[in-house]
Amino acid sequence: MLIKSPRGWERPLSQSTPESLFRNRRSLVKALAAGPILAAAPFALSGCDDAPKVAAKPPEPDPSAHLYPVSRNERYTLDRPITPAVLATSYNNYYEFGSSKSVVREAQALPLRPWMVSIDGLVEKPIEIGVDELLQKMPLEERLYRHRCVEAWSMDVPWSGFALKALVDMAKPLSGARYLQMASFQNPKVAPGQKSSWYPWPYVEGVTLAEATNELAFIATGAYGKPLPKQNGAPLRLTLPWKYGFKSAKGLVRFTFTDTRPVSFWERIQGREYGFWANVNPEVSHPRWSQASERVLGRDGGKVPTRLYNGYGEYVAHLYKDMKDERLFM
Ligand code: MTE
């Protein structure tokens, strides 16, 4: 890969130009997909500059606002300070709205209601449910989780939401179901990134059923005691704190139980760099950079060491003990 510009994490946040980082992924996409077509159709997204942007108008009232704050589950604690909300909600990856970190304004175009969710595939009975009804049925709580992006930055967020297991239990999967695939919304009218047809939209992620029912697997519906901001994945966003952040798909509309391993969005684009398992491991480098340490958003100074399974080994290491042949950390 041609990487001439310094990567985003090599600079302070205030000076970061994450576009350059993502140009790497974009050039990957270009290199891997049909070359001549891509060469003729350079990536063009609206408003991808590096300056933090502020929503042009106040957000519309969220009908779930009365549900928050929810009580904190003290089982999930942090050993470092919570990331200031202003950082966690303004430094985002959401390719549907652009390839820079500054997508706050663009993401406000996503309509959150009505928001229908499908639960289908290998289940007793497929379910089609509005997000507000789903929120009524699910046991909401707050959890403090670390988030480690594959790009070697991290943050620490108080998410509100519910255990993914609660949704799995509601879905009643059939005995043949081995995986859960989750798909993000698709609406190129509001999401300019989705006009770029060489990305395999919609954004899809998948986990095994054992992972989906692990106690850590969480669907975030809020953050910092409020409904989830659109740029962070409202109204439903997967949160798998022991995996690299790209597994945490945002804007979910569909949960499909299947007997076939799903191929995730980034895996489809470049499986050698972004695999299915994507468990955090400081000893397994990304092909183009080390994963040994991370830049914590909002913390001045050097990086901190990255931890195996992002520090959640006691909860999840057993899931992988018999998988010696799998690329568990990529
Ligand atoms: N989900 C969708 N639908 N689209 C995306 O581009 N980016 C992923 C993940 N979920 C992404 C997504 C990546 S790479 C990361 S690191 C996290 O979202 C970033 O979450 P944040 O913006 O809340 O920090």
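This is a predicted model: local features need pLDDT of at least 70, side-chain atom pairs count only at pLDDT 80 or more; totals for chains, interfaces and linings use all residues.
Tutor: Local features here need pLDDT of at least 70, side-chain atom pairs count only at pLDDT 80 or more, and totals for chains, interfaces and linings use all residues. Residues are numbered from 1 along each chain as its sequence is written, and side-chain values use heavy atoms, with hydrogens and water left out.

Student: Which atoms pair up at Asn92 and Lys250?

Tutor: Asn92 places a polar side-chain atom 3.0 Å from a ligand oxygen. For Lys250, a side-chain N or O atom is 2.6 Å from an oxygen atom of the ligand. The protein buries 100% of the 530 Å² that the ligand exposes when taken alone (Shrake-Rupley method, 1.4 Å probe).

Student: How many residues surround the ligand?

Tutor: 19, each with a heavy atom within 4 Å of the ligand. Tyr95, Glu96, Arg237, Ser248 and Lys250 are the closest.

Student: Where does Tyr179 lie?

Tutor: In strand S5, residues 179-184 (strands are DSSP runs of E, at least two residues, numbered from the N terminus).

Student: Why is Tyr179 called buried?

Tutor: Buried means under 20% relative accessible area, with a 1.4 Å probe and protein chains only. Tyr179 has 9%, so Tyr179 is buried.

How values were computed:
A polar contact is a pair of N or O atoms within 3.5 Å; within protein, one must be able to donate a hydrogen and the other to accept it, and residues adjacent in sequence count only if both atoms are side-chain atoms. Helices (H or I, at least four residues) and strands (E, at least two) are DSSP runs, numbered from the N terminus. Buried means under 20% relative accessible area, exposed over 50%, partly exposed in between (1.4 Å probe, protein chains only).
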